[in-house]
Every structure is written in structure tokens, then in C-alpha cells.
Amino acid sequence: MARKGIFSASLERTLSSGEDTQEAPSPAPSTPAAAPTSGSPTVRRFRETYDDLRNQTIQEIDVDLIGQSKYQDRFDVSAEIDTLVESIRESGQQVPVLLRAAAPGSGYEYEPVYGRRRIAACRILGIPVKAYIGELDDDALVVAQGLENAERLENSYIEKSAFITQLLDSGMKTGVIERALNIPKGEVSRMAKVIREIPGELIDAIGPAHGIGRRQWGALAKITADVETRRIKRAVEALPEDLDSPGRFNTVLQGLKRGSEQASSKPKKLSVAKGHVELSPSTKGISIKVKNRSDAAFIEWLQDETEKLYWQWKSENK
């Protein structure tokens, strides 16, 4: 089986000039690749690792020896996997995955660099997975994972944002992430900001939402910044089970948007007694503040008079 396929084609394009945007060619004999134009030592280091991989023999690895990826680049590897399972059942696994040694004490021999869906499909079929085994550090892992995902176009905007946030939280430099995932400068921080502003339970409930892009997720992040936790919880609980992921996103966005518009239409503060007293009413209560410290005794008086005022109101409204 020839080893230059989708994997090598995408790597060579990205690690070289990046001008070739055609789809990966059919498997063909290996040819020397152009040197990367980037000055990134991470990309240069991975170039060396990649050259070694091209000379490897593809191995068949028992899926029980493979643990979880250190960085999760998609929410659910088993989602909509039936087609992939049937394809491998009928034609075999055409594209190898890439593995590296698992961390000591993990209980596994390998962890995926990329190809988690293919591993999951092989696990369902009960067959070993075809794989390259590479020695990659975390930075090189992200380069490889980013190139594979860019080539296969399977990750949604929010999945990429979550992946980027994991990398940033682990201490990885923004420049390495930009280069690995082919993301414009400045976009990494914007994508991470979306993830940090939207409650995790809401993202989990919505799912990958393929087709929902930066502006829509940004709009949801802006709305949730001013929404109470209980409203988020209610929005999650109210989601119909039969909706697909984009449908769940749109339902949540419209529901929270309507609630925010209604909340903003209500008066938040009232000033009375020529500005000496400020009231903040809601449907279930009211906050009362005095502007001047010299009027603090008014609050104590109000507490003493509350019962009398309540019964007076009750009598007048019978």
C-alpha cells in the first residue's frame, strides 16, 4: 500500500508554500517536498518527524491498546459514524491514523494524534486499526492534528474553538496554534473568548452545530453574558430531543434573545423623592437605596413600618 495519500498531500501543501489548494491526489509514489517557508521551529521539527513517518511501514494496532487524545478536537467521535463504519467494513481502512506513545501510567500503549473517528469505527467492527507510530511532542501533535482536520473539513467552528482553548490553557503559544490550524492572526483569541463566555453546559447541549459560524456563536456569547444561570438551565431543559445540533443552536439563540429583549424593556431603576431614593423593582421583589448617608435611618424606619404598610395596602385593595 502506497503511503503518500491525504496525510502527506495536506502536510506538503501546508509545510511548503501553501499555494496549492486542490484536493489531495490519489496515492502516488513519494517525492521530495519543498522546505517550509515558515520560520517556526515547531513546524521544522514536525517536518523532520513527517519525513521519518513517510518511510515507515503501516502497522496494525489493537484498538484496546489506544487511549484518549490529550487534546479533544471534536465533541463526539461516534456521532454520525455509521457511514464510516460501513465504508471500512466494505472497503477496508484506506487512510491510516497517526498515534504516539501514551503518557506513563495511563494504562494504554498509544494515544491518537489524529484519526479518532477511524479508531472508533474499527473498535465497533472489532478489527485492528492501521496506523503510523510517531514520536511527537505536544506542539508537533497540534501541527499534525490541525493539518489533518483542515484537509478533511470535519470540525465545526465551536469544536475548533474548544480545541484552541484547550491548547491555550495548556500553555501552547498562539503563533504555533495559528500556524497549525491555519487561522488568521487575532482569530485565536476571539475563538477562545466565545468558549469562555458561553456556559459549558449550553455548549454541551447544543453540540458541534456544523454550519453555525463565528458571527452566530459570537451573538450567543454576547447574549449569555447578561443571562442568569437559571435561564440557561431552563433553555437547556426545554430543548426538544429530536432536534439536530444546528436546530438546537437556533432554538437556544432565539429563546434567549427574546428573553433578553423582554428583560431590557422593563424599567430597571426608578428614582423617587426628588432623587433621594432609588428603587430597583422586579416581579418578585424590590431593592431600595438612599442616595445620602444622612438618610440611612429611612431604611430602618421602612423596615419597622413594612407590616403596617402591607396591611394598609391589603385593606385598600380588597
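Select E111. This is a predicted model, and in it E111 is buried, at a relative accessible area of 8%. What joins E111 to R100? A salt bridge does, with the closest N and O atoms 3.3 Å apart. Colour the strands next. E111 sits in strand β3 (residues 110-114) and R100 in strand β2 (residues 97-101). The two residues are eleven residues apart, and the pair links distant parts of the chain.

**Zoom out**

Show the whole cartoon. The secondary structure comes to 13 helices and seven strands. Colour by accessibility: of the 318 residues, 40% count as buried. Residues 24 or more positions apart account for 68% of them. The count of salt bridges comes to eight. Side chains of opposite charge can pair when their charged atoms come close. Two further pairs follow.

Select D169 and R196. Their closest N and O atoms are 3.0 Å apart, in a salt bridge. D169 belongs to helix α6 (residues 157-169), and R196 to helix α8 (residues 187-197). The separation is 27 residues, so here too the pair links distant parts of the chain. Is D169 buried or exposed? D169 is exposed, with a relative accessible area of 54%.

**From α8 to α10**

Stay on helix α8 and select E187. E187 lies in helix α8 and R214 in helix α10 (residues 214-224), so the pair ties together parts 27 residues apart in sequence. E187 is buried, with a relative accessible area of 11%. R214 is partly exposed, at 41%. Salt bridges that share partners join E187, R190 and R214 into one network.

Two packed helices are described by the angle between their axes and the distance between the axes. How do α8 and α10 cross? Their axes come within 9 Å and cross at roughly 45°. That makes α8 oblique to α10. The crossing is left-handed.

Bring the side chains back to see which residues meet. On the α8 side, select E187, V194 and E197. On the α10 side, select R214, W217, G218, A221 and T224.

**Finish on an aromatic pair**

The structure holds two aromatic pairs. Select F298 and W301 for one of them. This pair is stacked, with 6.0 Å centre to centre and 20° between the planes. The stacked label follows because planes under 30 degrees apart count as stacked. Where do F298 and W301 lie? Both are in helix α13 (residues 297-316), three residues apart, about one turn of the helix. F298 is partly exposed, with a relative accessible area of 33%. W301 is partly exposed as well, at 44%.

Terms used:
Residues numbered from 1 in each chain as written. Predicted model: local features only at pLDDT ≥ 70, side-chain atom pairs only at ≥ 80, totals over all residues. Heavy atoms only, no water. Salt bridge = Lys/Arg side-chain N within 4 Å of Asp/Glu carboxyl O. Helix = DSSP H or I, 4+ residues; strand = E, 2+ residues; numbered from the N terminus. Buried < 20%, exposed > 50% of the residue type's maximum accessible area, 1.4 Å probe, protein only. Phe/Tyr/Trp six-rings, centres within 6.5 Å; stacked < 30°, edge-to-face > 60°. Axes fitted to C-alpha atoms, helices over the stretch in contact; angles between N-to-C directions. Parallel < 35°, antiparallel > 145°, perpendicular 65-115°, else oblique. Left-handed = near helix turned anticlockwise from the far one by under 90°. Contact = heavy atoms within 4.5 Å.
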